[in-house]
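Subject: Structure for you to look at

Hello,

Please find the structure below. My notes on its side chains follow.

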Amino acid sequence: MNEEELLKRSAAERDRIFSCYDRGREGAEIDPWEDPAYEVYHTTDRYGFIHDKRLPQKMDQNEIKTQFVEMERLKKWDKMTKNWETVATTEKLRRRIYKGIPDRFRGQVWVLLLGIHKLKSENIGKYEEMLRLARQWSTEIRQIDADVARQYRDHINYRERYSLKQRSMFYVLAAYSMYNMEVGYCQGMSVLAGLLLLYMDEEEAFWGLSVLLTDKKYSMHGFYVDGFPKLNRYMEHHDKIMQRFLPKLKKRLDKCGCDSILYALKWFFVVFQERTPVSLGLRIWDIFLLDGDRVLPAIAYTIMKLHKRQLLTMDSLDEFCNYLQIKLEKDFGYDDDHVISAVERSMEELKRAKLEYPGPPLPHELPKQPIGTFKEPTFTSKSECFFEHTRVANVFHPKHYYYKTIVVVFSCIHNFWN
């Protein structure tokens, strides 16, 4: 196959995938696994996530308390969002966010915290431009398509193939792959885009993703760029904290071969989403958007500290991985308020030990190329990702975070996405 034929094939494949999302569900060929059955009335929680079994007919006391407190806070949050730039709001904002943003105001507050309105007004038409370029040039479309199909499959708005939310996620990630061509697309970004889209419209989610990757407050670019430099730095910092404050647990983990990459990778990579219950994950996201990446070490430390007693009874790698990767997502063992309060105490504890923050982003963790400036992909990148063998080879690509996990222990790969 010559160069011209390869480029035609890659363009046809990209056009085919885009056309599936443009059409939506009408006339689409959808495999049975892509539209799992569910009994929606009994199994969907207040956030839209679907559960394997029927939810209790009566709310537990913690959920009743949470909803009551949210109702009491609605007027305060309504006033704050209408007077966002005032001194009064600034003085109260941190305390109230740590207490919890009412779900009704979550999207509005996230947009304000990320400064999305200003970005949109300064870049009118930019999102549409990037999406047009993605249709013609993006080399990431096949991987984005594959990840959209399996991301948030337990949420009512994402479960159906080519649903409105799946389409929005695909478009946002495709457009961003052209906006930040140094990263393009990396697994994990679909989690961020999907979460933002639960509370924002399509273009807001695009700009939100941009802020998360390029603003120095979050600097998630360093988590996703080749080599994962920021991820490596945060893992090393977490190990220092474990050695200083939880040495017995650290020794036990090391003895069983449980490297921190096996349980903490997704903690940092997607800000504790998919490894904590939904309500707690949203609370963590709230404080992350407020305080930035400096909260991540304290949250990781808090999880290990709260569950130290249970973890010290374990004797095998499988036990540790199952507990930290699977069990805690289903039942964290503590209510959300208790966990967030514990995080605040951990932040103070780490601050006294001068271990609260690994430091600002290093130069190689920041974008080196201009953001939003198009540069035509090379022939190799335009053609190679459309070969059928890349469905396997991509697992070992440095931008795929299975890569580092495989180096540590191949047997645990399946736990990262299951």
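How many aromatic pairs does the count come to? The count comes to 24 aromatic pairs, where rings of Phe, Tyr and Trp (its six-membered ring) pair if their centres lie within 6.5 Å, and planes under 30 degrees apart count as stacked, over 60 as edge-to-face and the rest as tilted. One of them is Tyr 127 with Phe 206: the ring centres are 4.9 Å apart and the planes are at 50°, so this pair is tilted. The pair links distant parts of the chain, 79 residues apart, with Tyr 127 in helix H7 (residues 126-137) and Phe 206 in helix H11 (residues 202-214). Helices here are DSSP runs (H or I, at least four residues), numbered from the N terminus. Tyr 127 is buried at 4% relative accessibility, and Phe 206 is buried at 0%. Buried means under 20% relative accessible area, exposed over 50%, and partly exposed in between (1.4 Å probe, protein chains only).

This is a predicted model, in which local features need pLDDT of at least 70, side-chain atom pairs count only at pLDDT 80 or more, and totals for chains, interfaces and linings use all residues. Residues are numbered from 1 along each chain as its sequence is written, and side-chain values use heavy atoms, with hydrogens and water left out.

Phe 223, Tyr 234, Tyr 263, Trp 267, Phe 268 and Phe 272 form one aromatic cluster. The charged end of Lys 230 sits over the ring of Phe 223, 5.0 Å from its centre; this requires NZ of Lys or CZ of Arg within 6 Å of the ring centre and within 35 degrees of the ring normal. Arg 244 lies over the face of Phe 245, at 5.4 Å from the ring centre. Phe 245 is partly exposed, with a relative accessible area of 23%.

Next, the charged pairs. Side chains of opposite charge can pair when their charged atoms come close. A search of the whole structure finds 21 salt bridges, each a side-chain nitrogen of Lys or Arg within 4 Å of a carboxyl oxygen of Asp or Glu. In one of them, the closest N and O atoms of Lys 8 and Glu 4 are 3.5 Å apart. These two residues are 4 residues apart in helix H1 (residues 3-23), so about one helical turn separates them. Lys 8 is exposed at 55%, and Glu 4 is exposed at 51%.

Arg 161 forms a salt bridge with Asp 145, the closest N and O atoms being 2.7 Å apart. Both Arg 161 and Asp 145 are buried.

Regards
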